Each structure stands twice: as structure tokens, then as C-alpha cells.
Amino acid sequence: MKLTIRKTMASLAVAATVLVSGGLQAEEKYPFKNEIEARKHFMQVTRFNLSVLGAMVKGNREYNAELAAAAANNMHALAKMDNSLMWPKGSDNAVDGLKAHTDALPDAWSDFDGYMEKHKAWLDATKNLAASAGKSKDDLRKTLGAVGKSCKGCHDDFKQQK
Ligand code: HEC
């Protein structure tokens with residue numbers, strides 16, 4: 001009997017949480033919210049892996065071949081993903097109501113070839129990184145810089161500068 005009550009209380013608590021978070025989401029609704037949030041989180045994941053590798057190069061974290069290879073492979077896997085679903089037309093920061101939510105510039109769509117060129121540079125740089133990061137710290141250092149440049153290369157043209 002006690003157990004049943006406890007279980008009921010627990011599921012009530014879960015239901016309340018779901019209701020509250022559902023309510024908050026409804027308030028913040030804007031076009032392509034899921035897509036915009038997904039791509040920002042995606043970028044955060046690649047930044048996280050980059051920061052682990054950056055710390056190893058700078059000596060703020062001990063070089064570890066296995067971890068370096070894992071982070072580099074993650075970065076290449078992210079670059080290889082088909083991300084088109086997260087970048088629907090009409091989800092740029094010039095669209096009414098989206099300025100506060102996304103830094104993606106309209107050029108990412110209107111100059112799609114230019115955007116894909118930056119994407120290709122990123123894909124190639126992460127490929128080289130994945131092939132070398134696990135060999136030695138020196139190999140990692142030699143290929144990481146180009147990856148950082150490829151991030152910046154795209155951000156300079158297609159992400160709102162703050
Ligand atoms: C082909 C273009 C492109 C490449 C390459 C690229 N980014 Fe981005 N990135 C963007 C765009 C566009 C945005 C803005 C997304 C938005 O706000 O909707 C962004 C946003 C971000 C953000 C902010 C996310 C947030 O929470 O607002 C971070 C961090 C980031 N990128 C890191 C990186 C790193 C690290 C790399 C390289 C390893 C990289 N990006 C490569 C286009 C790119």
C-alpha cells in the first residue's frame with residue numbers, strides 16, 4: 001500500500017514537471033525552434049571536442065592518444081553528418097522574430113555555394129585531424145589549426161558577428 005502511494009506521488013511529480021516545462025516551451029515558441037536549437041547544440045558539441053584538443057595542444061591537459069583520436073573522430077563525424085534538416089529555408093536571423101534566437105545569416109541560403117565551400121573546407125580539415133590526432137601531440141598540433149580556421153572561415157561570412 002505504502003509503495004503504491006509512493007509510486008503515485010512519484011508519477012504525479014513527473015506529470016507536474018512535464019506540465020510546467022510544456023507550458024514554458026509554449027510561451028517561447030518561434031518558427032523553427034527545434035531546428036535552431038538542434039543546430040546550436042550541434043555547434044556546441046563540436047566546440048566541446050575542439051576545446052579538449054586545444055587544451056592538449058596548449059598543455060592545459062595531458063596529451064592522450066586515445067582521447068585525442070576520439071575527439072577528432074567525433075569532429076569529423078559531425079562534419080560528415082547530413083545536417084540539412086537543421087537548416088531549413090526561412091530560419092535565418094533576418095526573419096521576423098528570429099533575430100534573438102539565431103545568428104545564422106540569410107547568406108547561408110542565398111549564397112549556398114559559398115556556404116558549402118566553407119563546409120567542404122571544414123570537412124577536409126576534420127578528415128586530416130581524424131587521421132593524425134591519435135598519432136602524437138605534434139601531429140595533432142599540425143592539423144588542429146586548420147580546423148579552427150575552417151570554423152572561423154564559415155562564421156566570418158555566415159554567422160552574425162556580435
Ligand atoms: C559551414 C559553416 C560553419 C562551420 C564550418 C562551422 N560553423 Fe559554427 N556556426 C555556423 C552558423 C551559421 C552558426 C549560427 C547558428 C544559429 O545561431 O542558428 C554557428 C554557430 C556556432 C556556435 C554558437 C552556437 C550557439 O549556441 O549559439 C558555436 C559555438 C560554433 N558555431 C562553433 C563552431 C566550431 C567549433 C566549428 C568548427 C569545428 C564550427 N562552428 C564550424 C556555421 C558554421
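View 1. Helices (H or I, at least four residues) and strands (E, at least two) are DSSP runs, numbered from the N terminus. Met43 is partly exposed because its relative accessibility is 30%. His155 is also partly exposed, with a relative accessible area of 29%. Buried means under 20% relative accessible area, exposed over 50%, and partly exposed in between (1.4 Å probe, protein chains only).

**View 2. The whole protein chain.** The protein chain has six helices and zero strands, and from the N terminus on its elements run α-α-α-α-α-α. Of its 162 residues, 31% are buried. Its accessible surface comes to about 10600 Å², and 59% of this belongs to carbon and sulfur atoms. Accessible areas come from the Shrake-Rupley method with a 1.4 Å probe; for residues, only the protein chains shown count as cover. Among contacts with a separation of 6 or more, 67% are between residues 24 or more positions apart. Contact means heavy atoms within 4.5 Å. Residues are numbered from 1 along each chain as its sequence is written, and side-chain values use heavy atoms, with hydrogens and water left out. As the model is predicted, local features need pLDDT of at least 70 and side-chain atom pairs count only at pLDDT 80 or more, while totals for chains, interfaces and linings use all residues.

**View 3. Two cysteines, Cys151 and Cys154.** Cys151 counts as partly exposed because its relative accessibility is 22%. Cys154 has 15% relative accessibility and therefore counts as buried. The structure holds zero disulfides, a disulfide being a pair of cysteine sulfur atoms within 2.5 Å.

**View 4. Helix α5 and the elements that cover it.** Helix α5 (residues 112–132) has 21 residues, which at 1.5 Å a residue should span 30 Å; its end C-alpha atoms are 30 Å apart, which agrees. The expected span is 1.5 Å times one less than the number of residues. Buried residues of α5 include Gly114, Tyr115, His119, Trp122 and Leu129. What covers the buried residues of α5 includes α2, α3 (65–80), α4 (107–110) and α6.

**View 5. Thr143 in helix α6.** Thr143 is found in helix α6. Thr143 counts as buried because its relative accessible area is 14%. Not counting residues up to four places away in sequence, Thr143 touches Asn128, Leu129 and Ser132. Leu129 and Ser132 are themselves among the buried residues of α5.

**View 6. Phe158 and Asp111.** Phe158 lies in helix α6 and is buried, with a relative accessible area of 6%. Leaving aside residues up to four places away in sequence, the residues that Phe158 touches include Asp103, Leu105, Asp111, Gly114, Tyr115 and Lys118. Asp111 is found in the loop between α4 and α5. With a relative accessible area of 36%, Asp111 is partly exposed. Phe158 and Asp111 are 47 residues apart along the chain, and their C-alpha atoms are separated by 9.4 Å.

View 7. Phe32 is found in the loop between α1 (2–27) and α2. Phi of Phe32 is near 55 degrees, a positive value in a residue other than glycine. Phe32 is partly exposed, with a relative accessible area of 31%. Lys89 is found in the loop between α3 and α4 and is exposed, with a relative accessible area of 67%. Lys89 touches Phe32 and Trp109, not counting residues up to four places away in sequence. Lys89 and Pro106 are 17 residues apart in sequence, and their C-alpha atoms are 8.9 Å apart in space.
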